[in-house]
Amino acid sequence: EGRTDLGRAVEQTVVLAKKPGLLVVLSDFLDAGPVTSALDRARAAGHEVALVQVLASEELEPTLEGDLALVDSETGQSVEVTADAAALEAYALRLSALIEQLRVWCRRQGAPYTRVTSGEALDPPLRRFVARDVD
């Protein structure tokens, strides 16, 4: 509930950890701030980092159309948008860029990255995770 600062949450986890370990971050990563710098600090502190990105099908392939008032489920804030082809394309490009940023970070760090669609059976992504795949 409320706004999340994922970078800060990672930083606090690193500070509170008594010794390095496996840090698995489960998030949609749709955070306002950059999280990779906090993940870099976690790696520098000796933590093994793994990312699991959880997105709803609607986030991956929105079916919105027309003039809408969207309400953020975490903050309750409302924003009015026009969901036309250009807006959906811009959204898809930004989401693709975010996913690629996470994949690149994981490849560079030798860390697993798995994307899971909410409602998806957990066996396939868990197998990818254990195999240390980068989706």
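Me: Before we start, what does "buried" mean here?
Reply: Buried means under 20% relative accessible area. Keep in mind that the model we're looking at is predicted.

Me: OK, so why is S27 called buried?
Reply: S27 has a relative accessible area of 14%. The cut-off is under 20%, so S27 counts as buried.

Me: Where is S27, and what does it touch?
Reply: S27 sits in strand β1. Leaving aside residues up to four places away in sequence, S27 touches L6, V52, Q53 and V54.

Me: How do you know that β1 and β2 pair?
Reply: Two strands pair if there are at least two bridges between them. β1 (residues 22-27) and β2 have six bridges, in the parallel sense, so by that definition they pair. As one example, L26 has V52 as its bridge partner in β2.

Me: And what makes β2 and β5 a pair?
Reply: Again, at least two bridges are needed, and five join β2 to β5 (residues 113-117). These two strands run parallel. V52 turns up here too: its bridge partner in β5 is T114.

Me: Why is β2 described as largely enclosed?
Reply: β2 covers residues 48-55, and six of its eight residues are buried, so the strand is largely enclosed by the rest of the structure.

Me: What does V49 touch?
Reply: Not counting residues up to four places away in sequence, V49 touches L23, L39, A42, R43, W105, A111 and P112.

Me: Which residues have the most contacts inside the largest nonpolar core?
Reply: They're V10, V25, F29, L39, V49, L51 and W105, in a core of 21 residues. At least two core residues come from each of α1 (6-16), β1, α2 (36-44), β2 and α4 (85-109). The biggest giver is α4, with six residues.

Me: Which residues of α2 are buried?
Reply: T36, A38, L39 and A42 are the buried ones in α2.

Me: Why can you say that they line one face of the helix?
Reply: Look down the axis of α2: its buried residues fall within an arc of 155 degrees, so they line one face.

Me: What covers those buried residues of α2?
Reply: The cover includes α1, β1, β2 and α4.

Me: And what follows α2?
Reply: G46 does, and its phi is positive, near 100 degrees.

Conventions: Residues are numbered from 1 along each chain as its sequence is written. This is a predicted model: local features need pLDDT of at least 70, side-chain atom pairs count only at pLDDT 80 or more; totals for chains, interfaces and linings use all residues. Side-chain values use heavy atoms; hydrogens and water are left out. Buried means under 20% relative accessible area, exposed over 50%, partly exposed in between (1.4 Å probe, protein chains only). Helices (H or I, at least four residues) and strands (E, at least two) are DSSP runs, numbered from the N terminus. A nonpolar core is a set of buried Ala, Val, Leu, Ile, Met, Phe, Trp, Tyr and Cys residues joined through side-chain atoms within 4.5 Å. Contact means heavy atoms within 4.5 Å. The arc is that of the directions from the helix axis to the C-beta atoms.
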